[in-house]
Amino acid sequence: MMMPLSWIYQRPWEDYLTVVQPDQRGAGKTFVSNDAAAVFPTVPYRRMVDDTEEIVEYRRQKCGKEKIFLLGHSRGSALGVEIARAHPDSLYAHIGVGQVVNFQRSKVVGHQALLKEAAARGDKVGRGIFLLGQATVCTHLPSIIYGAFLLACYRYEGSHQPSAYTFKS
């Protein structure tokens, strides 16, 4: 779902570097071609970390480079931190875009901000979609619902106040 939108932040890097953008396991064509409820349990976080390690090593070998840059967006940013910690000698740098620090907290705070904005706009459809997303924070949404959720989020992009995303311990 994200790949077409990643061009926005990825395109400038392509002027200077070879950019490789793999789908995470269970995403992309796999996601839309299969039952999400069946695929989701087969992709634990540790498997995603292992996949990322394999991709980094493969790209290093394929490009004949001792080190590479690793750019990760959202969940990929958290995976990048794991790789940077475990294999610092394999990377020039990890670049986190939309850096995730705490998945659960960021989802809760993000949903609260979206609900508040939808209420302020009087957007009942958007509010309904965000409520559905909030109710399923810890689960995998069917692709059609997730697509509607993403589209609703993109309509609101840039309209939130930064203070809405301030975390408090």
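Q: Taking buried as under 20% relative accessible area, exposed as over 50% and partly exposed as in between (1.4 Å probe, protein chains only), how much of the protein chain is buried?
A: Buried residues are 28% of the 169 in the protein chain. This is a predicted model, where local features need pLDDT of at least 70 and side-chain atom pairs count only at pLDDT 80 or more, while totals for chains, interfaces and linings use all residues. Residues are numbered from 1 along each chain as its sequence is written, and side-chain values use heavy atoms, with hydrogens and water left out.

Q: What's the secondary structure order?
A: Along the sequence the pattern is α-α-α-α-β-α-β-α-α-α, with 8 helices and 2 strands. These are DSSP runs numbered from the N terminus: H or I of at least four residues for helices, E of at least two for strands.

Q: Which residues of α5 are buried?
A: Gly76, Ser77, Ala78, Leu79, Gly80 and Ile83. An α-helix has 3.6 residues a turn, so residues three or four places apart point the same way.

Q: And what do they pack against?
A: The buried residues of α5 pack against α4 (45-63), β1, β2 and α6 (103-121), where a contact means heavy atoms within 4.5 Å.

Q: How far does α5 reach, end to end?
A: From first C-alpha to last, the 12 residues of α5 reach 17 Å, close to the 16 Å expected at 1.5 Å a residue. The expected span is 1.5 Å times one less than the number of residues.

Q: Switching topic: how many aromatic pairs?
A: The count is 1, for rings of Phe, Tyr and Trp (its six-membered ring) with centres within 6.5 Å; planes under 30 degrees apart are stacked, over 60 edge-to-face, and the rest tilted. The pair is Phe69 and Tyr92, tilted because their planes are at 35°, with centres 5.2 Å apart.

Q: Where do the two sit in the chain?
A: Phe69 is in strand β1 and Tyr92 in strand β2 (residues 91-97), 23 residues apart, so the pair links distant parts of the chain.

Q: Is Tyr92 buried or exposed?
A: Tyr92 is exposed, at 54% relative accessibility. Phe69 is partly exposed, at 40%.
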